[in-house]
Amino acid sequence: MTRSNGKAPQLAPSEMVDGVPDPWEVTWHLALTTLGMTVVYVWIYRRTPLLGNTVPKEYRASFADNLFNIVYLPILSLYAIRASYTLGIAGAEARWRSTNFDSYWFLVLYISKNIMRTVSSIMLGDKKKGIWLIHLHHVVSIMCYSVGLFLGRLHFFGSLDGVCEFSIVFLNMKLLSRDFGLPRGTLYGLNMVLVTLTWILTRLLAFPLWLFVFYSDLYNYPFALEMVNSFELWVYPTTTIIIWCMSILWFIPIWNEMLEIFNDSSGVHKIKNHGREKTS
């Protein structure tokens with residue numbers, strides 16, 4: 001189906017459209033979503049002293065973000081997974097030209113959240129470990145996703161990259177257990193298993209899959225190379241490669257902690273420090 005009225009897609013998750021959306025409507029959706037997220041985040045942040053009185057003041061911005069992510073990340077991940085699946089199995093044309101409800105709102109939610117999070121983190125003086133590297137990653141991701149959102153194409157590749165957010169659902173639970181000073185018991189160990197498995201599947205394996213599909217389509221389908229601009233052709237895969245490399249580095253402490261848990265005879269430790277893991 002072709003988008004002929006210039007509107008952002010208002011359709012069922014399985015329906016796909018081609019064409020450029022109305023930029024004013026897209027901007028309106030981004031503005032409203034960012035504003036709504038900001039209101040919720042500020043409400044949470046103001047209550048962090050009551051919710052986590054052991055969290056140092058300089059880390060409360062990250063603590064509020066972890067609480068915000070309890071609802072946000074599962075929704076974002078669901079959109080990304082459904083969009084990448086439905087657009088992916090529909091063929092090369094759909095992967096490069098089409099969008100659907102899930103891919104559109106995945107991009108809107110991702111861009112809005114990271115605009116809100118980057119600005120609020122700077123304003124609140126967030127001291128999370130590696131926060132400026134995370135900001136740089138988010139700014140580049142916002143740029144890439146915005147191009148796809150406003151041009152109405154390559155949503156499959158944006159969504160497939162976004163599947164990695166599913167691993168942060170479980171990493172976020174690990175961070176919250178640290179924030180609340182909970183002991184490392186059985187549930188913590190099970191959650192670490194899920195962190196490890198999802199990290200491998202949605203990052204270490206999914207990013208190479210992204211690159212394989214991207215370059216395979218470029219080789220096998222001439223229309224793909226003809227329709228993209230230089231930014232999409234070079235920056236998209238470069239960004240994916242960089243995030244893949246970062247994910248490999250971030251996996252090392254995750255894997256080491258897994259080994260520590262399984263090698264630990266007691267299985268119970270108090271979480272002591274408030275160093276912030278790097279997450280995307």
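**Figure 1. Ser120 lies in helix H5.** Helices here are DSSP runs of H or I of at least four residues, strands are E runs of at least two, and both are numbered from the N terminus. This is a predicted model, so local features need pLDDT of at least 70 and side-chain atom pairs count only at pLDDT 80 or more, while totals for chains, interfaces and linings use all residues. Residues are numbered from 1 along each chain as its sequence is written, and side-chain values use heavy atoms, with hydrogens and water left out. With a relative accessibility of 11%, Ser120 counts as buried (under 20% relative accessible area is buried, over 50% exposed, and in between partly exposed, using a 1.4 Å probe and protein chains only). Look across to Asp65: it sits 55 residues from Ser120 along the chain, and their C-alpha atoms are separated by 9.9 Å.

**Figure 2. A look inside the largest cavity, with about 270 Å³ of space.** Searching the whole structure turns up three cavities of 30 Å³ or more. A cavity is a set of points, on a 1 Å grid over the protein atoms alone, where a 1.4 Å probe fits but cannot get out; lining residues have an atom within 4 Å of a point. Points are joined across faces, edges and corners, and the volume is the space filled by probe spheres set on them. The largest cavity is lined by 24 residues, and the closest to its centre are Ser141, Cys144, Tyr145, Gly158 and Asp161.

**Figure 3. Helices around the largest cavity.** Helices H5, H6, H7, H9 and H11 each give two or more residues to its lining. H6 (131–151) gives the most, with six residues. By type, the lining splits into 12 nonpolar, nine polar and three charged residues (Ala, Val, Leu, Ile, Met, Phe, Trp, Tyr, Cys and Pro are nonpolar; Asp, Glu, Lys and Arg are charged; the others, Gly among them, are polar).

**Figure 4. Two cysteines, Cys144 and Cys245.** Cys144 is buried, at 9% relative accessible area, whereas Cys245 is partly exposed, at 40%. No disulfides turn up in a search of the whole structure; the cut-off is a pair of cysteine sulfur atoms within 2.5 Å.

**Figure 5. The whole chain, for context.** The chain has 11 helices and two strands. Of its 280 residues, 54% count as buried. Among contacts (heavy atoms within 4.5 Å) with a separation of 6 or more, 80% come from residues 24 or more positions apart.

Technical notes:
On a 1 Å grid over the protein atoms alone, a cavity is a set of points where a 1.4 Å probe fits but cannot get out, and a pocket is an open set with protein on both sides within 12 Å along at least five of seven lines; lining residues have an atom within 4 Å of a point.
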